[in-house]
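Work through the exercises below with the structure open beside you. Try each task before reading its solution.

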Amino acid sequence: MFQYGRLNEIFHYIKKHDYISSERLASKFDVTERTIRNDIQEINLVLLENGAVIKLKRKYGYYIEITEDRLFGQFLEELEKENKSNMELETSKDRIRYILSLLLESDDYISLNEIMDKVFISKNTLNNYIKTIKKIIEKYHLEYIAKPNVGIKLIGTEDNKRKCIMDHVITYDFDNYITGFTKEERALFIGIDLDYLKEITLSQLKRRNIETSDYNIKNLIIHLALMISRVKQNNYINLLDIETDYSIMGIVESLCKDVEQYYDIIISKGEKIYIYLHFVANTHMEAADIDDEWLERSVQNILDIIYENYSFDLRDDEILTGDLFRHMKSIFINKSFGLNIRNPLINTIKNNYPLAFEITLTAISKVFTKQPFVLNEEDVGYVSVHIGAAIERYFAKRLEKKNVILVCGSGQATIRMLEARLNLYFSDKINIVRCISYNDYNNYRGKDFNRIDFVISTVPLESKIVPSITVNFALKNKDVESISRFINRINVKKEQKESAFFDEELFFRFHEVSNKESLIRILCDKLKEKGIVEDEFIDSVLEREELGNTNMNDVFALAHPMKLCARETKVAVAILDQPILWGKEETAKIVFLLAIKQGVQKDIEHLYDSFIKIVNDSKLQQKIIHSKDYNDFISTMV
């Protein structure tokens, strides 16, 4: 409707307010008041034909006067439809993605003024965005070309352009991604019926009884849409001919035939191979030979390393070995075709299951050391979910029940009823060894309480040999809650377990540190001074950092060695007044360095619960950052 994007934004901004001053508009859109006056003249050329006009009231500002309600209503409806086909540009990240999409889709130069008008930004802002775009396109071997007084464009292979579009233009908000097609996706693929592509894709999968996840189905549809949009612009991919599986290629041929008829296009052999590869990646169909015996040995090797380094014996978990074999076979088939599958849950996995992720990353990095079998963080994330589930099963098997004596003075029937109700609520937590009367209990001596953890009684008990709790024989809700709390108190308190890993002599505040390695060396030296670690510790920590950053977010980093090599388990803590660079762009202000002793894995679980709490609680992060001293820090942590 309007000649360029800023006019649309100014119109909607004025429409939201009763009155708006030219100064405020100029500030909002980063232009001069003179430009605002010129823009409003342009807007009025459109509005006058559609039942409205923007006027200026002295001392108040601009406002919209409606001259014909029906005509203006129709205009707003049409404008809303047009806006629905445009991408959201609310954040700098959105705007960078939009500019990148313009450059990747165009074969011609695009003027800087045209981009500024479309994205409503100044030249300085655009220059900053271009710096970010140059960093993005580097790894895709795309070249940025600028021609004075003409504009800018990107050149490179079609394959690399599509990879860049999929990685940096398409968004992967997991929940929104799998539930349907977003406004943004429909804007990116204008003229392509995404619902039709979904229909024919699901039909092909159903016809051949192929099951895959909602996420993978959406991936297939988006790749299909991208292929169609590029072919319609005469941008064809040039992939080398590969040996294809007959059954998978049959599905691709059928899909492509439907698409050719629907869109009146010709799909080349290279494009069919492109769709074939993504079918392989997203359906986990076996399209290449992977040595099963080698993979089985590799899986066993991973579990051996986990046992040797972390004492979690997962080697006999048949569910895990089967899941790992199937999942890793799928990963390696994809890698054999040069495909890397995105993991939309990687940050969620790293933040919520850090122990499983770190164990998996360490083990896998020792087993798969040569390409194409080196796994990236996103691959590891998926595998660590399987490892995490196995660790949960491992602990569930080893969970020791508390041995309990049940005391009741009301007779056998009452005691059996109480026993039955206790087993109903606490069968996984207690083992009722004996049911006795009050008198019998009073005759018990020390040896009678061997291997007894506590006593549940319907009458108050005086003996202090073992802990006891008094409940109503009907076992009311409040009694159930009391027993639950009592069991937790018998175990060493979680807070005590956590605080035992920290030490005042290993707590530091730094105004400024030059870099990450310097900080790690300072903390390692302190651990060594206290006799907690040996010389090899620092090399192991730095080796782990080379694998991938250990920052959990832009505030909190969790450094640790590649293997358990400490004499005792302690956490060195550094709180920084100035953030330190912890990766290429990531920073950290809270740094924990873990020294973990072999054999304390169960207790470490409590520590990792604390780390997850820190990651997910920005207020807690700020409290830790502003801790005045060690005591303040500990009281915040527990």
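Angles under 35 degrees count as roughly parallel, over 145 as roughly antiparallel, 65 to 115 as roughly perpendicular, and the rest as oblique. The model is predicted: local features need pLDDT of at least 70, side-chain atom pairs count only at pLDDT 80 or more, and totals for chains, interfaces and linings use all residues. Residues are numbered from 1 along each chain as its sequence is written, and side-chain values use heavy atoms, without hydrogens and water.

**Exercise 1. Describe how α5 and α7 pack.**

Solution. Two packed helices are described by the angle between their axes and the distance between the axes.

- Step 1: Find the helices. Helix α5 covers residues 92-105 and helix α7 covers residues 123-138. Helices are DSSP runs (H or I, at least four residues), and strands are too (E, at least two), numbered from the N terminus.
- Step 2: Read the geometry. The angle is about 65°, and the axes are 10 Å apart. Axes are lines fitted to C-alpha atoms, for helices over the stretch in contact; angles run from 0 to 180 degrees between N-to-C directions.
- Step 3: Classify. α5 and α7 are therefore roughly perpendicular to each other.
- Step 4: List the contact (heavy atoms within 4.5 Å). From α5 come S92, R95, I96, I99 and L100; from α7 come L126, Y129, T132, I133, I136 and I137.

**Exercise 2. Is T458 buried or exposed?**

Solution. The cut-offs of relative accessible area are: buried under 20%, exposed over 50%, partly exposed in between (1.4 Å probe, protein chains only).

- Step 1: Locate T458. It is in the loop between β7 (454-457) and β8 (468-470).
- Step 2: Apply the cut-off. T458 has 17% relative accessibility, so it counts as buried.
- Step 3: Check its surroundings. Leaving aside neighbours within four places in sequence, T458 contacts V407, C408, G409, L418, T470, V471 and F473.

**Exercise 3. Which class does V459 fall into?**

Solution.

- Step 1: Locate V459. It also lies in the loop between β7 and β8.
- Step 2: Classify. V459 has a relative accessible area of 25%, so it is partly exposed.
- Step 3: List its contacts. Beyond four places in sequence, V459 touches Y438 and T470.

**Exercise 4. Which residues touch the most other members of the largest nonpolar core?**

Solution. A nonpolar core is a set of buried Ala, Val, Leu, Ile, Met, Phe, Trp, Tyr and Cys residues joined through side-chain atoms within 4.5 Å.

- Step 1: Name them. They are L197, F592 and F633, in a core of 133 residues.
- Step 2: Find the main contributor. Helix α12 (residues 214-232) gives the largest share, 10 residues.
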